[in-house]
Amino acid sequence: EHDIDSDGVCGDVDSCPHDSDNDFDSDVVCGDVDSCATDAYNDIDGDNVCNPSTCVDDPLFDSGFGNCATYARTNYEFCLIDDGACDACCACADTCGLVDHC
């Protein structure tokens with residue numbers, strides 16, 4: 001069977017055939033239908049804020065002012081301004097309201 005999500009796992013044996021990250025947070029909900037794809041507890045407190053269990057920077061992200069590593073040091077104040085930084089960079093998660101503190 002075809003590897004429709006291009007993850008290197010043939011569709012007939014792929015537990016998440018439409019999720020190239022193969023249930024990244026290991027909560028037994030495939031990422032293509034997981035409302036909190038990086039939160040293993042899927043918004044356990046029901047406040048509509050996912051709490052990432054695991055965060056991985058997008059290695060291809062570069063806003064023109066630096067990659068994700070720069071947001072942890074000098075560009076953190078630009079997380080909300082730079083298009084895509086909130087989704088791409090772990091260092092921006094708190095500033096962008098993606099961390100559930102409760």
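## What counts as a pocket

On a 1 Å grid over the protein atoms alone, a pocket is an open set of points with protein on both sides within 12 Å along at least five of seven lines, and its lining residues have an atom within 4 Å of a point. Rolling a probe the size of a water molecule over the atoms shows where empty space is left.

This is a predicted model, where local features need pLDDT of at least 70 and side-chain atom pairs count only at pLDDT 80 or more, while totals for chains, interfaces and linings use all residues. Residues are numbered from 1 along each chain as its sequence is written, and side-chain values use heavy atoms, leaving out hydrogens and water.

## The largest pocket

Let's look inside. The largest pocket holds about 490 Å³ of space, a volume being the space filled by probe spheres set on the grid points, which are joined across faces, edges and corners. Its lining has 23 residues, and A37, T38, P52, T54 and D87 lie nearest the centre.

Sorted by class, that lining has 14 nonpolar, 5 polar and 4 charged residues. Here Ala, Val, Leu, Ile, Met, Phe, Trp, Tyr, Cys and Pro count as nonpolar, Asp, Glu, Lys and Arg as charged, and the others, Gly among them, as polar.

## The chain as a whole

Now step back. The chain has 2 helices and 0 strands; these are DSSP runs numbered from the N terminus, with helices (H or I) of at least four residues and strands (E) of at least two. Its C-alpha atoms fill a box of roughly 45 × 35 × 15 Å, taken along the principal axes.

Of the 102 residues, 28% are buried; buried means under 20% relative accessible area, exposed over 50%, and partly exposed in between, using a 1.4 Å probe and protein chains only.

Start with D14, in the segment before α1 (68-71). D14 is buried yet has no salt bridge, and R73, the nearest side chain of opposite charge, is 34 Å away. A salt bridge is a side-chain nitrogen of Lys or Arg within 4 Å of a carboxyl oxygen of Asp or Glu; Lys and Arg count as positive and Asp and Glu as negative, with His and the chain ends not counted. Setting aside neighbours within four places in sequence, D14 is in contact (heavy atoms within 4.5 Å) with D5, D7, V9 and N22.

Next, S26 is not a glycine, yet has a positive phi of about 55°. S26 sits in the segment before α1 and is exposed, with a relative accessible area of 60%. D43, also not a glycine, has a positive phi of about 55°.

Definitions and conventions: On a 1 Å grid over the protein atoms alone, a cavity is a set of points where a 1.4 Å probe fits but cannot get out, and a pocket is an open set with protein on both sides within 12 Å along at least five of seven lines; lining residues have an atom within 4 Å of a point.
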